[in-house]
Each structure stands twice: as C-alpha cells, then as structure tokens.
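The following paragraphs lead through a structural model, from individual side-chain contacts to the chain as a whole. Please consult the sequence and the structure alongside the text.

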Amino acid sequence: MSLKPKPPHPLGSCPVCAEPLESGDRFCGACGYDLSAAAPRPDRPTVPIPLPVDWPEAPPRDVQALSTATQHPGDLPGTDSGGEELPVIPVRTDEVPEAPGAPVAPEAPDAPASEGDFTLAAPDPRAALQSDTDDAGDTAGAGASAGPAPANGAADTRKVCVACRTGRVDADGYCEHCGHAQPRERDHMERELPSVAAVSDRGLRHHRNEDSFAVAAAALPDGSSAALGIVCDGVSSATRPDEASAAAAAAACAALEAALPAGTHPQTAMHEAIVAAADAVNALATPPAGDREHQNAPACTIVGSVVAGGLLIVGWVGDSRAYWVPDDRSVPPARLTEDDSWAAQMVAAGLMTEAQAYADERAHAITGWLGADAYELEPHTAAFKPDRPGVVLVCTDGLWNYAEAAEDMARVLPADASDRPLHAAQVLVGHALDGGGHDNITVALLPFALPPEEAEPAV
C-alpha cells in the first residue's frame, strides 16, 4: 500500500486535456473546459446489502446529534447519514447486570485481544487446511499442544515446533527435534472467540507483518452480547507501520469495549472507536528533527465490524474492506465498503471504468488513512439489519487482491464459515498465499445470527 495525498480538485485533472486542477477551479486553465459539466458524482461510501432489510427507526432529529454524523445526507436511509441520533439499545431493567461492563458469562475467560494473546501457528496455514475434519486446536492451540513430557514427569510448558509439531522450542527459538527456527510472533497470528475469529499472516514477499487486528466480545446493557473485530493495515511508505496498525487496532477495540456496555449505539460507538484509533496513531508521530524531518508519520488504514442486537455495523478509513456473505449462497453477497483510494475516486468522478481504474499502477494509492499527516479524519460508518444469517468479513487488501468482487470472496469462503470461523479465516489466508502472498494478509470473521424473536419458527 502506498500513501498519496488527496487530489486538490475533486476531478484531479481536466477530463479533456488532463491538466492538473487546483481546488476551487471552475474552468480548466489550459483548455478552458467548463468543469461544472463534469462534476463528480456524490460520495456514496457504502454499498447496501441487496436483501430485503428492516431498518431501525430513528427518533426525532436532535441538533446535538449532528456531531456524530459520519456520512452525507441521503446516503443510507435508516442510518445516521442525515445527522439523526440513532436509537439507544433498549435496556431490560429486569436483566441489567450489576456491573454494566461485566463480560458475558460464557465468554468471561477470554481477555481482549492484544499482541501478547495471539497464538503462534504454522507460517503457511495451508498445511493444516487440506481437510475440513482437521482439529482446530492443531492451529489455534499450537503453543499449548501436548508433546513429549520431561523425563521427571513434570508438564513441559514450552511451545511445540510449528514445523514438525513434535519437538519443543528451546530458549534460542529453535526446535530441539528438527532444528527449525520458529517464526516471529507477528509473522502469523490467530485468535478465536466463540463469536469471532481472526488470522493474520506476513505473506510470502514482505520481511515483516505490518497488519494487526483485535477481536473481543462485550456485554450489552440488556444482557446480550456483542462481537467486534478490527483489522488495520500499516502504510508501508510511512515510518513504523507495524506500530501504527497495532496501536490503532488496540485503541479501537478498547473504545468499543468501553462504549457498548454503557448503552452507546453500536454505530456511534464505531465512529468514536475510529477517532480513538486515529488519536493513538497520531501519538506515535515525532516532531521533525535531524534525519527524521523528511520521514512520514506512522499511518495505517482501519476497518471494523460490530454484530450486536440484530444489527451489523461497519466502519472504515482507507482501502481495507468489509463483505457480507449470507449462509444461503443462493442469495447474492455484497461489499459493504468503498475504498478511500485513487481508483475509487476516478470511478466516482466518471473518468474511468472500474476495470480501467484498478488496472492502473496508481489504483492502490490511498486517499484516506489514520496518521498525523492525514488531511482530515473522515470515518465512514453504516448500519445494516439483514433478514437472514450470514458472515461479516473484514480484511486488508492482502486478501481482497485475490478475491476482489463479493462473488469471488463468497466462492472462496467455506460454506461452514458461520460454524467454524477460525477455520474459514485460515482457508482465506491460504487462498491469498496460494495466489502469491504479495502483501500481508489479515481477515476477521463475525458470524451473524438472527435474534431469537426474528428467527423463523421450526416446522
């Protein structure tokens, strides 16, 4: 991924003579072309799910809620696009937990994801994906797998080798059985909770993994649970991109875990989480001095999703994406985000077709990111209420480069992704590695189930 400032004019250049334009130009200075005749189409940063939906009703307009508007009026009926305050999640007074932030009982042992919580697995997960009957514990729990016990009978707590899965890893990071050097912790990371799973891999071309993710579960005030997943992609042309992505993912996850139990609407909470992530990345920037004066500030993109109360929330800045894939594959899938990128701007301005734009070498130059040198923070958020179960997939371009269209992503995603999200995430990472693994690869999967009162009764 590369960093590219926003064009000074919405069109970028004159559609007739290609002369660069400046902000405020009404006519081309070279050929005199009337730029109003080629006005760009309005920004519509979200692609709605092509299904019958039942949008949540918004209460009367509240002027104070305008500060939380994150989209242009009329983009998505039923969201906060027009500035209306979204409905607060109802609280059942008879079931409110004593501590609003207390985790849901079944998931209480799981701590929020952090870099130290990630589990090491094989650098190439394809070896564990050849059969759907593989035990998920072989990858998710590799660090704690049973192995040859010490002679004195005491439990051996050392990690199992990711190559031979037999020997134990010594203090120097090598397997005592096969001698294989173990991967760095961020080279391949996995995390699984009952309601969300994520996998991140360095890929085959990069020397380090500049992606990061965070997954967690939170308790809502009515006693139900919410699942959340955040994926961040460090901007390689900036300094310390790996630190930027890790800081953004952790900050966004922490903000959501704090806001959701307090009753904040998930879409508003997502907006605030992206702002918190931006603040965390901004804090990494150092004042220009000496040989650092020409270095870019740390930067990354972000995409996240929250599944709560029958709603599907997505939020993003940059070119990391979210997809919706119904369990019923006869129903069309959908891409829920639109990239902040040069290619997307060219298509939106009507200057290129999508095929032409994404074939250009500038296609992946981003026009929106988190970082101290970003022009302005413009988080995109959207709320959906699907009428059927499915899976929300959030990922970096290291994956969607190999399955760009929603239909392509649905074909790659295993049919049992809702039941085995970790396995499905491993399959997706393996697909990108099989395709060349040119970039870091990160994906998080959040199964979406209809609330009990909306599910169809059993026949």
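**Salt bridges, rings and the overall chain**

In this predicted model, Asp156 is buried, with a relative accessible area of 16%. Its side chain meets that of Arg168 in a salt bridge, with an N to O distance of 4.0 Å. Both residues lie in the loop between helix 1 (137-140) and strand 2 (188-193), so the pair ties together parts that are twelve residues apart in sequence. Arg168 is likewise buried, at a relative accessible area of 5%.

The whole structure contains 14 salt bridges. One of them joins Arg184 and Asp187 at 3.5 Å, N to O; here Arg184 counts as partly exposed at 47% relative accessibility, whereas Asp187 is buried at 12%. Another links Arg388 and Asp387 at 2.9 Å, N to O. Arg388, at 22% relative accessibility, counts as partly exposed, and so does Asp387, at 33%. Shared partners also join Asp156, Arg158, Arg168 and Glu176 into one network of salt bridges.

Trp324 belongs to strand 8 (residues 321-326) and Phe448 to strand 14 (residues 441-448), so the pair links parts of the chain 124 residues apart. Both Trp324 and Phe448 are buried. Elsewhere, the charged end of Arg321 sits over the ring of Trp400, 3.4 Å from its centre.

At the level of the chain, there are eight helices and 14 strands. Buried residues make up 49% of the 459 residues.

Methods:
Residues numbered from 1 in each chain as written. Predicted model: local features only at pLDDT ≥ 70, side-chain atom pairs only at ≥ 80, totals over all residues. Heavy atoms only, no water. Helix = DSSP H or I, 4+ residues; strand = E, 2+ residues; numbered from the N terminus. Buried < 20%, exposed > 50% of the residue type's maximum accessible area, 1.4 Å probe, protein only. Lys NZ or Arg CZ within 6 Å of the ring centre and 35° of its normal.
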